[in-house]
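Subject: Structure for your review

Dear colleague,

Please find the structure below, together with its sequence.

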Amino acid sequence: MDPTLVVRARRGDVQAFDRIAALRLDSVYRITLGITGNAADASDATQDAFIAAWRGLTGLRDPERFDAWMTTIVVNASRLQIRRRNRVREIQRAVSSQPSHQPDVLDHDALSLIEGISRLPLDQRVVIALHHLDDQPVEQVAARLDIPVGTVKSRLHTGRAMLRTLLDERTP
Amino acid sequence: MNDGRSGSNDEIAPEGADDVLSRAAVSPIRSLRAPRRLGDSIGARIRAEPQRRSIGSAVTRLAAVLAAIAVLGAVAFAVSVRPTDRGSPVDTTGLATPGDSADETRAPAPSSPGSPQASSVPATGAVAGEVPSGPALATRSVALLTEARQGAGVETAVPAGKTVFVLDGAVIEQGARWRLVQFSGDIDGWRGVGWHGWVEEGALAEAVQPEEPTCPDDVTVSSLAELSPGERLTCYGGRSLTLTPVITGEYRVGASSDLWLSDDGLYDFLTSIPYHTSASGPAVPIYEWLAITGHFDDPGASRCGSNASDAPDIAALLCRERFTVTDFSPADPPDSQARGTWRRIADAPIRGREAAEAAWTGTEMLVWGGWGRSDGAAYDPAADTWRILSPSPLEARESPASVWTGREFIVWGGDDEEGRGLADGAAYDPASDRWRRVAEAPLSGRAAAAWTGAVMVLMTRDLEVATYDPMRDAWEPLPAAPVRRGVGQLVWTGDRILAIGYGGFDGTATLATLDLQGRRWSVIEETRLSAQDGLGVWTGQELISMTSYDYVGDELHDWAFDPATGEVRRFDGCRTTLSGAVWTGQEIVSGEIAFDPTDPMCRRLPRAPDRTGGGLREAPTTVWTGTEVIFWSGGTGGDGQAPLPDGVAFHPDRP
């Protein structure tokens, strides 16, 4: 991310933040989709992440660290959305069965994949979303989550194995 | 966030042609774009936020006010060293009365030594008001000058409907009266310190209606944390309060974190309040349970860990919001804490690792394997010493099954680094320090294992089942398990095998029993027992299944099955990570919690010895020795380190 844009946004320049949001919107959405597992939650988490970033930008000391900082916000926003969703669903179930909301541009296999990822433990979901869906190298994922590279690899490995089992089970 | 500098992942994340996350499989998702309306919505929400814009871009209606505020920025600083210009009182008597505490007829606050700004902010309660949202005032906001000292003149507009707390003033300058105000900055449940700034009293009176906050009678960390900083000042002012029991220092968010005072000045949402010890106050010990006495709104407040860039009056206000400790004494831990003691154990002579297999022999903890490792060691807790195991004939593997037979430590199966199932195994005899290969098995891959006293029973993720008799070095296939395919668990009850097949897409799990003599399976229950994966332990009476917090699914049920009655009962477990949890014969203990299923109550362990991650690591090696739980190595999580070869042991106090 261009540090100049970040500095301008930090000073309150809405247009600069618009530009940042435009540059990162798709990436953030893919990550939140991978972690939350459905489009409605991904949209909410994406919005929350950008709002939180806007509110918190004054606390970002080093503009060069924007992407790492934003990754943390995106992951946290997704986790909060999952917790919020679980609470909401408790109420919704008593009222009516909620249909799932998935991106209508994805084919069946991709939707199954998203749903499968959403069934994994959260830690595995996060590294898979960052590495496989957002194309971040393992070392970058490790740095941004502040965990060892070996931990990222083991989570990826275990997550893939579990995902394979889940998808195999779903195949008739 | 992909910053556009990342290269190909292929060389660091090898993918097989059939990998579920191959580039071809994820390509549609990688090219997915966010709905355009989402970008529009974010833009609209940003613009509805209190703006951090420059004065030059302020709305016309507020231009005159902002200009005056820009002048006041400098004036207020001057005022800060001329306390007589500030008419505010010191209210040391306790609760401030909403509506009368920001009166310029009161006396100025005393200064703290060496703090020229201290006198600028009187210690007092506050007046709360809400910017009305009715038609007449719906478009009006309160303009705050929030960064005047930096010369930028940044302005914040408090939106209609927000509660505003008048915390200081009035300052008379430039023919106008100014108030220091704050509005609560709640963000999705996070209690921020809010926005602070100076506002012209006339504009404030025009837009704000007084409102009295609800002040809880039961003053606890939890009830205080529920209040915004402005509410705390309004409700309690400088009144002396005693909080007990509380713990200071870093404490993980969780069941008992409402007993935590934060010493880093940061709020944890709804679970802690920050405290401060003045230079003349007592040094508060950390990680000990205490009864703490102190107050908010300290008269000497000037700076307590605020940013250097904060204006003096804002820094002093942030300091007033913190709980200033004046006294403390030791207190008994709360019921929510497990009783027991920790000790460090000697570092191992092998490298640290995650997900190693382990067994307790009666005198030693045997450790073998783990992610990328094929070596092992044995730890003797009586002598606090380690020895290295002789080299095993097995390659490194992920998640092998293992059992302790009373004579041998059998390790079998698992996946190689490419995720291919392995079908070999070996048995280690600690008496001779030798390994032997076991006979070729009729199954392969990851498996759950249980030891019956005579044979090892295995159930793979593909539900193949077999027994291995170490005396005869022979395998015997059994009928496939009628449980959900995937992650499974086996336990031996003394007369039968119980198998759990944890869920699939629909979150169901199956519980079944195996009659080894009759070679017959019976399904006990197939229902929404728990999500995905869990910890299954046999207590001697019940099979307990607990779901790890991380498994956030639609259905989260912890449950217990009593074979004697055939009943499945559900209960609320700990909702926390169960990585490395073991059954001690009385409780399930992880590096963080102890859970007694007969109580049932989830208790937090005392703080572990100074060690990265404390007692809690990712996939540590854990055994119960009969008197203590040993936690060795495991992922260190947040510090970027490779797993360390260190360990701790927790000795629970038994009634």
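Helices α2(A) and α6(A) cross in a right-handed manner (a crossing is right-handed if the near helix is turned clockwise from the far one by less than a right angle, and left-handed if anticlockwise). The axes of helix α2 (residues 14-36) of chain A and helix α6 (residues 122-133) of chain A come within 8 Å and cross at roughly 150°. That angle makes α2(A) roughly antiparallel to α6(A), a term used for angles over 145 degrees, with under 35 counted as roughly parallel, 65 to 115 as roughly perpendicular and the rest as oblique. Axes here are lines fitted to C-alpha atoms, for helices over the stretch in contact, and angles run from 0 to 180 degrees between N-to-C directions. On the α2(A) side, Arg30(A), Ile31(A), Gly34(A) and Ile35(A) meet residues of α6(A), among them Leu122(A), Val126(A), Ala129(A) and Leu133(A); contact means heavy atoms within 4.5 Å.

The model is a predicted one, in which local features need pLDDT of at least 70 and side-chain atom pairs count only at pLDDT 80 or more, while totals for chains, interfaces and linings use all residues. Residues are numbered from 1 along each chain as its sequence is written, chains are lettered from A and ligands numbered from 1 in the order in which they are written, and side-chain values use heavy atoms, with hydrogens and water left out.

Chain A as a whole contains eight helices and zero strands, giving the pattern α-α-α-α-α-α-α-α along the sequence. Helices (H or I, at least four residues) and strands (E, at least two) are DSSP runs, numbered from the N terminus. Of the 172 residues of chain A, 60% are buried, where buried means under 20% relative accessible area, exposed over 50%, and partly exposed in between (1.4 Å probe, protein chains only). Among contacts in chain A with a separation of 6 or more, 65% are between residues 24 or more positions apart. Chain A exposes about 6,600 Å², of which carbon and sulfur atoms supply 49%; accessible areas come from the Shrake-Rupley method with a 1.4 Å probe, and for residues only the protein chains shown count as cover.

Chain B has seven helices and 40 strands. Of its 655 residues, 56% count as buried. For chain B, residues 24 or more positions apart supply 57% of the contacts with a separation of 6 or more.

Ser154(A) counts as buried because its relative accessible area is 8%.

One disulfide (a pair of cysteine sulfur atoms within 2.5 Å) is found over all chains. It joins Cys215(B) to Cys235(B), with an S to S distance of 2.0 Å. Cys215(B) lies in the loop between β7 (209-210) and α5 (221-225) of chain B, and Cys235(B) in helix α6 (residues 229-236) of chain B, 20 residues apart. The torsion about the S-S bond is about -80°, so the disulfide is left-handed. Cys215(B) is partly exposed at 30% relative accessible area, whereas Cys235(B) is buried at 1%.

Finally, Val648(B) belongs to strand β40 (residues 647-652) of chain B and is buried, at 0% relative accessibility. Its C-alpha atom is separated by 5.4 Å from that of Phe631(B), 17 residues apart along the chain.

Yours sincerely
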